[in-house]
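I opened the notebook to look up a few annotated positions, the ligand shell and the domain layout. The entries follow in the order I took them.

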Amino acid sequence: MDNQQSLFETLNPPQRLLMGPGPINAYPRVHQALSQSLIGQYDPVMTGYMNQVQSLYRGVFQTNNQHTLLVDGTARSGIEAVLVSVLKPGDKVLIPVIGRFGHLLCEIARRVGAEIRTIDIEWGGVCTAEQVEAEIKRFQPKLLATVQGDTSTTMNQPLKEIGEVCHRHGVLFYCDATASIAGNELKVDEWHLDAVSAGLQKCLGGPSGSSPITLSEQCADVINRRKHVEAGIRADHHQEGGDMMIQSNYFDLSMIMDYWGPERLNHHTEATSMLYAARECARLFLEEGIENTIARHKQAGHALAKGLSAMGLRLFGDQTQKMNNVVGVYIPEEVQGDEVRAELLNRFGIEIGTSFGPLHGKIWRIGTMGYNARQDCVLTTLAALEAILIRHRARIDVGQAVCAAMECYR
Ligand SMILES: *Cc1c(COP(=O)(O)O)cnc(C)c1O
C-alpha cells in the first residue's frame with residue numbers, strides 16, 4: 001500500500017576493496033567525473049567532449065581508426081554491437097575459445113544465425129597462430145572472433161601472430177579486450193585488428209556501463225553496406241547500403257558511426273555521465289603512460305603471485321601466457337572456497353573472485369587492476385587471506401606471503 005511505501009535508507013554502500021576479476025574500485029578522479037553536471041547531447045560542449053573521447057581512445061587502442069567511439073552499455077554491448085553489425089545469418093565465423101568469454105562470442109554469433117566453427121582450447125591454455133591458420137584454410141571464415149584476456153582462466157591470448165594470419169588470408173579480426181586493455185600490451189593497428197571492444201571496469205579503472213570500441217576502415221565498410229537510416233531522420237542525401245539490414249536497432253554500428261560522425265545523426269541519447277567516466281579513464285591511462293601502466297599491473301600481479309606461492313598455494317594455468325592483472329590460485333583442499341571468500345568480505349571488506357564452468361570450486365581468481373594495481377592492495381589482500389586460511393586450518397606456510405610480495409617492490 002502506498003502509505004506504507006518504505007524509502008529504505010539513504011544509499012550508503014560499504015567500503016570494499018574489490019580484488020576480484022572485475023569490477024574494481026574506480027579511480028577517485030573517475031568518481032569526480034561521474035558527478036559533473038549533465039549537458040544536452042547536441043550542446044557544442046558535448047560535441048567537443050565526444051571528439052575528445054574519440055581522440056583519447058585512439059591513443060588507448062593505439063590506432064588511427066576514425067571509427068573509435070563508445071557503445072553505451074556494459075562490455076557485452078560492445079561485443080554484441082560488433083557481432084550483430086558484422087555478421088549476417090549464414091556468415092562464417094571462426095572462434096578460438098579459451099574460456100567463458102569465448103563461449104559468449106559463440107552464443108551471440110549463434111543468435112545472429114552465423115555459421116560457427118570453434119577451436120576449443122583446454123581452460124588454462126591459449127590458441128596458437130598455427131591452429132588458427134590451419135582452420136582458416138579449411139573453413140574460409142569471414143570473421144575471426146576471439147578474446148584477448150579471458151578472466152575466467154586468467155590467460156592472455158597472443159594476438160600479434162593471429163593478426164598476421166588473418167591479414168594474410170583476408171579474414172576480418174575481432175577481439176574482446178575488456179579484461180586485458182590497459183594492463184597488457186594491445187596494439188590495434190600494428191597487430192592488424194579490425195574491431196576491438198572493451199569495458200571500463202577492469203584495468204581502465206572505471207565503473208561498468210560504457211564500451212569503447214574501434215573499427216578499421218575495412219570493417220566499417222562491411223558494416224556500412226548494411227546501412228539503414230531511420231525514418232523520421234532520413235534526408236535525401238542519405239544512402240542505404242545494399243546488404244541485409246542489421247537486426248538490432250540499438251546495436252546498429254552503422255547508425256552509431258553516424259551518431260559519432262560529422263553529421264551527428266540522432267540515434268540514442270548519449271549516456272553523458274558514463275562518457276565523462278570513460279573520458280577520465282582514458283586520460284588517467286595516457287597520462288601515466290601506456291608502458292608505465294602496464295608495468296604497474298605486471299608488478300602487482302607478480303607480487304600477488306609470489307605471495308600466494310610463498311604461502312604454499314599452487315597457481316593455476318600456464319604462467320608464461322597469463323594476463324598481468326588476474327591470478328588464478330587453487331583452493332586448498334582442506335577449506336571451503338566460498339566460506340573463505342565470505343569471511344574475507346565480512347571481516348576485511350575484501351572481495352576476491354570465485355570461478356566458472358570446469359574451474360568452479362577449484363580456483364579463486366584475484367585481480368590487481370586499475371586503481372587497485374597497488375602494493376598496499378596486494379599486501380592487505382595477502383595478509384587477510386593468510387589469516388583466514390590459518391583460522392580454517394589450511395596447511396599453508398605461515399608468515400611468508402607478505403614479505404615475498406614486498407620483495408617485488410623495492
Ligand atoms: C569482464 C569481462 C567482460 C565483461 O562484460 P560486461 O558486459 O561488462 O559484464 C567481457 N569480456 C571479458 C573478456 C571480460 O573479462
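This is a predicted model: local features need pLDDT of at least 70, side-chain atom pairs count only at pLDDT 80 or more; totals for chains, interfaces and linings use all residues.

**Entry: K322.** I looked up K322 and found its place in the loop between α10 (290-310) and β11 (326-330). Is K322 buried or exposed? K322 counts as buried because it has 24 C-beta neighbours inside 10 Å, and the cut-off for buried is 20 or more. Leaving out residues up to four places away in sequence, I listed T154, M155, N156 and G317 as the residues that K322 touches. I also took a distance: the C-alpha atoms of K322 and A220 are separated by 32 Å, and the two residues are 102 apart along the chain.

Entry: I checked the UniProt record next. The unreviewed entry places the feature "modified residue: N6-(pyridoxal phosphate)lysine" at K202. In the model I found K202 in the loop between β9 (195-197) and β10 (210-215). K202 has 30 other C-beta atoms within 10 Å, so K202 is buried. Which residues does K202 touch, not counting residues up to four places away in sequence? I wrote down G22, I24, T178, A179, N325, M369 and G370.

Entry: The unreviewed UniProt entry places the feature "binding site" at R365. I located R365 in strand β13, residues 363-367. R365 counts as buried because 23 C-beta neighbours lie inside 10 Å. With residues up to four places away in sequence left out, R365 touches G20, P21, T151, T154, V326, G328, G353 and S355. T154 is among the contacts I listed for K322 as well.

**Entry: ligand.** I looked up what surrounds the ligand and got 13 residues, the closest being T74, A75, R76, T151 and A179. T151 is also one of the residues that R365 touches, and A179 is one of those that K202 touches. How do the residues of the shell divide by class? I recorded 4 nonpolar, 6 polar and 3 charged.

**Entry: domains.** The domain assignment of the protein chain gives domain 1 (36-286) and domain 2 (290-407). I noted 31 Å between the C-alpha centres of the two domains. For the contact between them, 23 residues of domain 1 meet 23 residues of domain 2. On the side of domain 1 that touches domain 2, I recorded 8 nonpolar, 12 polar and 3 charged residues.

Definitions and conventions: Residues are numbered from 1 along each chain as its sequence is written. UniProt positions are given in the numbering used here, feature names are shortened, and annotations may be inferred rather than shown by experiment. Helices (H or I, at least four residues) and strands (E, at least two) are DSSP runs, numbered from the N terminus. A residue is buried if 20 or more other C-beta atoms lie within 10 Å of its own, exposed if 12 or fewer, and partly exposed in between; C-beta atoms are placed from the backbone. Two residues are in contact if their C-beta atoms, placed from the backbone, lie within 7 Å. A residue is near a molecule or strand if its C-beta atom, placed from the backbone, lies within 6 Å of it. Ala, Val, Leu, Ile, Met, Phe, Trp, Tyr, Cys and Pro count as nonpolar, Asp, Glu, Lys and Arg as charged, and the others, Gly among them, as polar. Domain bounds come from an automatic or database domain assignment.
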